[in-house]
Amino acid sequence: MIKRTAKSSELIRLPRHIAIIMDGNGRWAKRRGFPRIMGHRQGVKAVRSTVRLCRELNIEVLTLYAFSQENWGRPKEEINALMDLLYDYLKSELDEMLGNQISLRAAGQIENLPERVRTCLLDTIEKTSSNTAMVLNLALSYGGRAEIVGAARGLAHQCLSGTLNPEDIDESIFASNLHTAGLPDPDLLIRTSGESRLSNFLLYQTAYSEFYITPAFWPDFDESELLKALFEYQNRERRFGLTNEQHSESCTAKGS
Ligand code: IPE
Ligand code: IPE
Ligand code: MG
């Protein structure tokens, strides 16, 4: 069972930021003899239930890896179908985002998205920008290396124009030039479908994230799967390079 405080039954030690590599749609479909797109369609349902539960649990940020830079290499029909699903998702979820105080953000080279999808995305981001309960951050046309290179390029330009001194560049300035600027780093990184790799996802931000890999394919990732991941997270000991003893002392001091 998921841990709660004794007094208020409040959930304790939950991640502030959950990032998910939603993988296995194609295999889910193949197992059933369906075309891959059926897996993606079913995957959207898992997105809805995951967003809803994260919001109910007061998770601050949920980042979903929805389309990687490398995914542009997939067959045209699959890319088109994914873009249509994204467009329909954004249209259908706007009211729910507004009603639940969810603010949409995007990470990735969104200029590469088809015009219709990009416009709808930017419009949804704008309309939800004053919502404060949770950030839903969609990684779209996203590549971790490209993001880091882009940040380095941006900083180099600032140095050349004289607005930044190279000596002043530190981790915090660097992070504020990434697509996740202003967001806490992911505490928990979930990958479905049993694969144990990052696939170019949040390379900088996951330095101290807890990894959780489930064999479940993304379309089968339901509320109980998320609760299982959270339960495991609650039982992890995050030491951030310190010794066990130092870690326990700092937990006692913080009362966690
Ligand atoms: C994840 O499922 C969705 C995207 C990458 C867009 P996949 O489409 O990668 O499914 P598998 O890994 O082939 O089963
Ligand atoms: C990662 O899944 C990208 C997304 C989930 C959007 P992939 O299926 O593209 O990753 P690989 O190819 O198995 O590494
Ligand atoms: Mg995959």
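Mentor: On a 1 Å grid over the protein atoms alone, a cavity is a set of points where a 1.4 Å probe fits but cannot get out, and its lining residues have an atom within 4 Å of a point. The model is predicted: local features need pLDDT of at least 70, side-chain atom pairs count only at pLDDT 80 or more, and totals for chains, interfaces and linings use all residues. Residues are numbered from 1 along each chain as its sequence is written, chains are lettered from A and ligands numbered from 1 in the order in which they are written, and side-chain values use heavy atoms, without hydrogens and water.

Trainee: How many cavities of 30 Å³ or more does a search of the whole structure find?

Mentor: The largest cavity has a volume of about 60 Å³, a volume being the space filled by probe spheres set on points joined across faces, edges and corners. At a threshold of 30 Å³ or more, the count is two.

Trainee: Which elements give two or more residues to the lining of the largest cavity?

Mentor: The lining includes Leu 189, Ile 190 and Arg 191, as well as Phe 211, Tyr 212 and Ile 213. Strands here are DSSP runs of E with at least two residues, helices are runs of H or I with at least four, and both are numbered from the N terminus. The elements are strand S5 (188-191) and strand S6 (210-213).

Trainee: Which helix gives the largest share of the lining of the second largest cavity?

Mentor: Arg 48, Val 51, Tyr 89, Glu 93, Glu 96, Met 97 and Ile 102 line the second largest cavity. Two elements give two or more residues each, helix H2 (36-56) and helix H3 (76-99). With four residues, the largest share comes from H3.

Trainee: Which helix gives the most to the shell around ligand 1?

Mentor: The shell (residues with a heavy atom within 4 Å) has 13 residues, and Asp 23, Gly 26, Arg 27, Arg 36 and Arg 74 are the closest. H1 (25-31), H2 and H3 each supply at least two residues. With three residues, the most comes from H1.

Trainee: Where does ligand 2 sit?

Mentor: A pocket is an open set of grid points with protein on both sides within 12 Å along at least five of seven lines, and a molecule sits in it if more than half of its atoms lie within 2 Å of its points. The space taken by ligand 1 is the largest pocket. Ligand 2 also sits in the largest pocket.

Trainee: What percentage of its exposed area does the protein bury for ligand 2?

Mentor: Strand S2 (61-68) gives the most to the shell of ligand 2, four residues. Oxygen atoms of ligand 2 are 3.2 Å from a side-chain N or O atom of Asp 23, 2.9 Å from one of Asn 71 and 3.3 Å from a polar side-chain atom of Arg 74. Taken alone, ligand 2 exposes 390 Å², and the buried part is 78%.

Key: Polar contact = N/O pair within 3.5 Å; in protein donor to acceptor, adjacent residues only side chain to side chain. Areas by Shrake-Rupley, 256 points an atom, 1.4 Å probe, with all protein chains shown as cover.
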